Amino acid sequence: MLNNFITRSIFAWISENFGPIRVLFPVVNEIGFLNQAPVLALMAHDPRFRVATVNEESVPLIFSADWMQVLFSRHEVSKVQAQTGIWNYVIVTDRLDLWLRWPSLGVYIDHGSAFGNELAQENSVPFVETVLRQSNIDLAFLSGPGHLWGLRDSAPDIASRFDKAMFVSGSPKLVALLEEEVERGTLLSSLGLNPDASTVLISSHWTKMSLLRDLDVACIDSLCENNPNLNVIVTCHPRLLTLGQCDGGDGEWIKRMCERLEAKHHNMAFIRTANPFDLMQVSDCMLCDHSSIRVEYALLMKPVGLYRNPKFKCHSAITDTLYRESSEVFSDPGELNEVVFKLLSPEYGKQRESQKLAGYFLADPALAAPTIVELISQMGRIASSRSKKWRQVKFLEAKKNSQYE
């Protein structure tokens, strides 16, 4: 026991005093890597850092974009190399399940763009709170001030702990939503849709009381049938399509039904993707539920129809209010035609409410990755929240978050 403590202390001392800042990115899926990738790309070209990626899954990772595959593969190390290597920071967008031999700081980058949008149930807590309660997570980079305020309200014990630090940074992945250009006509034509027609995007979360789990897919059939000149694009959280009966849902059935409707209607496309930014850009309005995509779509200032199951109670009342006030709320599948008609009306507004929603939950996406890289560079080589250098981290936290007091 004593020898192990001495050995770990020696490696921690080496990690904190020699070489570049060592950063490991464990990757579990494309959704997470979208937030890790901009930070990884910046660090990879910065001589202050040495970076590596590792696949936490038992099967090869497959990305929808070539640049993501190239970026991941260029820096990939084996799981054994990752577990036995010396790292200052281990950056994840989910729980940190990878076993590591030597001390390091666990860093969480917000998985979603909203806080408290989960279904309120007995003993339920927001996902970010669950992650921060892990003993191996020390730092968190939050998408916006709403996450910080939400944590201070729902988990004051975490917010006040000396061995945890939280920074408002913004969501790195969202810079692509705002800055990457998509040619509308080309994309819609590639999907077999009319490039000149109005386009509605239907996006569903995977959890209970989400849009596609609640509403009979026949409502989409009716929407396409009654509006032959309207493009209807259907997508969802990838996890929805892998649901088993144990969760009370049948993702395979939803997948089959959507594929049948796509074959039936010339004006519908069913797209399986973890990165719907291009679909969001070319659409004129969106129908969604309690998913974080509602907040991300608010950056585009486009109209949204918000599905709410009458029994759904949002974990955060503030979140629910912001979602509802910025959207056209509906709960019945029979309302779809009327809701879409309202959203596509030139007179429909709520841009101010959408701006308020985005401002509450999202700091400037363009600054997100640079902010994270610069903050970590200022923290420097550190291997534990028990290190003497941790005081510098807490000083930076107080300075950075003072504007949100």
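Colleague: What makes strand S10 and strand S11 a pair, and how many bridges join them?

Modeller: Keep in mind that this is a predicted model. Two strands pair if there are at least two bridges between them. Strand S10 (residues 285–288) and strand S11 (residues 304–307) are joined by 3 bridges, so they count as paired, and they run parallel.

Colleague: What is the order of the strands in the open sheet?

Modeller: There are 6 strands, in the order S9-S8-S7-S10-S11-S12, with parallel pairing. Strand S9 (268–270) and strand S12 (328–330) are called edge strands because each pairs on one side only. From one strand to the next, the twist averages 20°.

Colleague: Which strands does helix H11 touch as it packs on the sheet?

Modeller: Contact means heavy atoms within 4.5 Å. Helix H11 (residues 218–226) touches strand S7 (199–204), strand S8 (231–236) and S9, and its direction makes about 160° with that of S8. Helix H16 (residues 336–343) lies across S7, S10, S11 and S12, at about 145° to S10.

Colleague: And the whole chain: how many helices and strands does it have?

Modeller: The count is 19 helices and 12 strands.

Colleague: Why is the chain called as compact as a globular protein of its length?

Modeller: Its radius of gyration is 22 Å, and the globule rule gives 22 Å for 405 residues, so the chain is as compact as a globular protein of that length. As for burial, 56% of the 405 residues count as buried, where the cut-off is under 20% relative accessible area.

Methods. Residues numbered from 1 in each chain as written. Predicted model: local features only at pLDDT ≥ 70, side-chain atom pairs only at ≥ 80, totals over all residues. Heavy atoms only, no water. Helix = DSSP H or I, 4+ residues; strand = E, 2+ residues; numbered from the N terminus. Axes fitted to C-alpha atoms, helices over the stretch in contact; angles between N-to-C directions. Rg over C-alpha atoms; globule rule 2.2 N^0.38 Å. Buried < 20%, exposed > 50% of the residue type's maximum accessible area, 1.4 Å probe, protein only.
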